[in-house]
Amino acid sequence: MSAINFTVAICTYNGANRLAEVLDRLRSQEKTEPISWEIIVVDNNSTDDTAKIVQEYQANWSEPYPIRYYLEPEQGLAFARRCAIREAKGGLIGFLDDDNFPKPNWVAQAYHFGQSHPQAGAYGGQIHGKFEVEPPPGFDRIARYFALIKGTKPYCYNQKYASTRKKMFPPGAGIVIRKQAWIETVPERPLLPQTNEDLEMLSYIWQGGWELWFNPAMEIDHFIPKSRFDKEYLRRFFQNNGRLRYQVRMLAYKPWQRPLVVPIYLGNDIRKLILHFLKYRSVLKTDVVAAGEMELLLTILLRNFYK
């Protein structure tokens with residue numbers, strides 16, 4: 001077999017009931033004949049039948065691209081991804097979660113984009129929601145927080161946001177990482193909280209001079225269960241997002257600049273909170289989307305007062 005040049009890495013934790021569909025989708029990939037690729041499953045210390053599912057597929061696998069299994073006992077997606085980087089034989093690594101279901105041409109499109117964009121350190125594609133139940137009214141306003149993204153034209157994030165201090169990154173679901181870019185820029189141990197692993201790795205790659213891209217030809221379906229629309233879940237979800245906003249913002253500034261920009265952000269945060277309250281105050285108890293946004297804005301505001 002020729003040298004592997006593309007790796008699909010599935011990082012999973014207790015995803016036995018979803019993993020089969022991901023592997024079946026990969027088994028039916030089209031136009032991959034010129035590509036020498038592999039599948040690796042990184043089991044992030046699961047307590048369900050994840051290992052058994054992989055073993056069953058390995059025992060009945062006749063495809064030219066192999067499936068390999070690794071156990072990563074240190075909990076957290078950041079550690080699972082580091083395991084995948086260590087073990088991947090391909091120079092391009094396409095990451096799928098166990099609830100990410102690739103379209104039939106995903107591998108081919110991911111590989112060829114990386115070949116034609118050698119300065120791309122990471123790139124993502126379109127992510128469509130595969131909903132267990134109908135999303136609540138107004139969901140489009142918060143879809144980006146669920147890693148859903150659409151578009152028809154490719155673009156480079158570095159160029160699109162070059163004139164602002166805002167750094168926008170592709171979602172981590174379905175992200176392709178160039179192994180060389182990771183090795184050159186990402187530290188061996190994560191520094192930010194585990195809930196922020198996507199932001200951290202892409203920020204390092206961006207700061208290392210590599211390009212980040214959106215490739216609309218790469219498409220996946222992201223399964224979203226009905227539990228994600230529970231009011232209490234959304235409250236906690238947006239609290240977590242709000243707490244991390246300080247780190248996200250400060251990544252764009254040098255340490256000496258940070259005390260100077262905090263008052264500016266504080267005033268803007270108060271303005272956004274007041275406007276949102278005035279607009280949705282009559283439905284905050286019944287509209288889960290508006291209530292979630294309110295929780296996000298309130299947490300962001302409070303986060304300005306502590307590190």
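## Accessibility and the basis of the model

A residue is called buried when its relative accessible area is under 20%, exposed when that area is over 50%, and partly exposed in between, using a 1.4 Å probe and protein chains only. Asn45, with a relative accessible area of 31%, is therefore partly exposed.

This is a predicted model, in which local features need pLDDT of at least 70 and side-chain atom pairs count only at pLDDT 80 or more, while totals for chains, interfaces and linings use all residues. Residues are numbered from 1 along each chain as its sequence is written, and side-chain values use heavy atoms, with hydrogens and water left out.

## Two asparagines with positive phi

Most residues other than glycine have a negative phi. Asn45 is not a glycine, yet its phi is positive, at about 70 degrees. Asn45 belongs to the loop between strand 2 (37–43) and helix 2 (50–59); helices (H or I, at least four residues) and strands (E, at least two) are DSSP runs, numbered from the N terminus.

Asn14 also has a positive phi, of about 50 degrees, without being a glycine. The loop that holds Asn14 runs between strand 1 (6–12) and helix 1 (16–27). Asn14 counts as partly exposed because its relative accessibility is 24%.

## Helix 1 and helix 2

Two packed helices are described by the angle between their axes and the distance between the axes. For helix 1 and helix 2 the angle is about 30 degrees and the axes are 9 Å apart. The axes are lines fitted to C-alpha atoms, for helices over the stretch in contact, and angles run from 0 to 180 degrees between N-to-C directions. Helix 1 is therefore roughly parallel to helix 2 (under 35 degrees is roughly parallel, over 145 roughly antiparallel, 65 to 115 roughly perpendicular and the rest oblique).

A crossing is right-handed if the near helix is turned clockwise from the far one by less than a right angle, and left-handed if anticlockwise. The contact (heavy atoms within 4.5 Å) involves Ala16, Leu19, Ala20, Leu23, Asp24 and Arg27 of helix 1, together with Thr50, Ile53, Val54 and Tyr57 of helix 2. These residues comprise 7 nonpolar, 1 polar and 2 charged. Here Ala, Val, Leu, Ile, Met, Phe, Trp, Tyr, Cys and Pro count as nonpolar, Asp, Glu, Lys and Arg as charged, and the others, Gly among them, as polar.

## Helix 9 and helix 10

Helix 9 (residues 258–280) packs against helix 10 (residues 288–303) at an angle of about 160 degrees, and their axes lie 9 Å apart. Helix 9 and helix 10 are therefore roughly antiparallel, and their crossing is left-handed. Among the residues in contact are Leu266, Ile270 and Phe277 of helix 9 and Met294, Leu297 and Leu301 of helix 10. The contact of helix 9 with helix 10 has 11 nonpolar, 1 polar and 3 charged residues.

## Aromatic rings

Rings of Phe, Tyr and Trp (its six-membered ring) pair if their centres lie within 6.5 Å; planes under 30 degrees apart are stacked, over 60 edge-to-face and the rest tilted. The count by this rule is 18 aromatic pairs. Because Phe146 lies in the loop between strand 6 (120–131) and strand 7 (155–156) and Phe229 in the loop between strand 9 (211–224) and helix 8 (231–250), the pair ties together parts 83 residues apart in sequence.

Phe146 is buried, at 4% relative accessibility, and Phe229 is buried at 10%. Ring pairs join Phe146 and Phe229 in a cluster that also includes Phe131, Phe139, Tyr145, Tyr233, Phe237 and Phe238.
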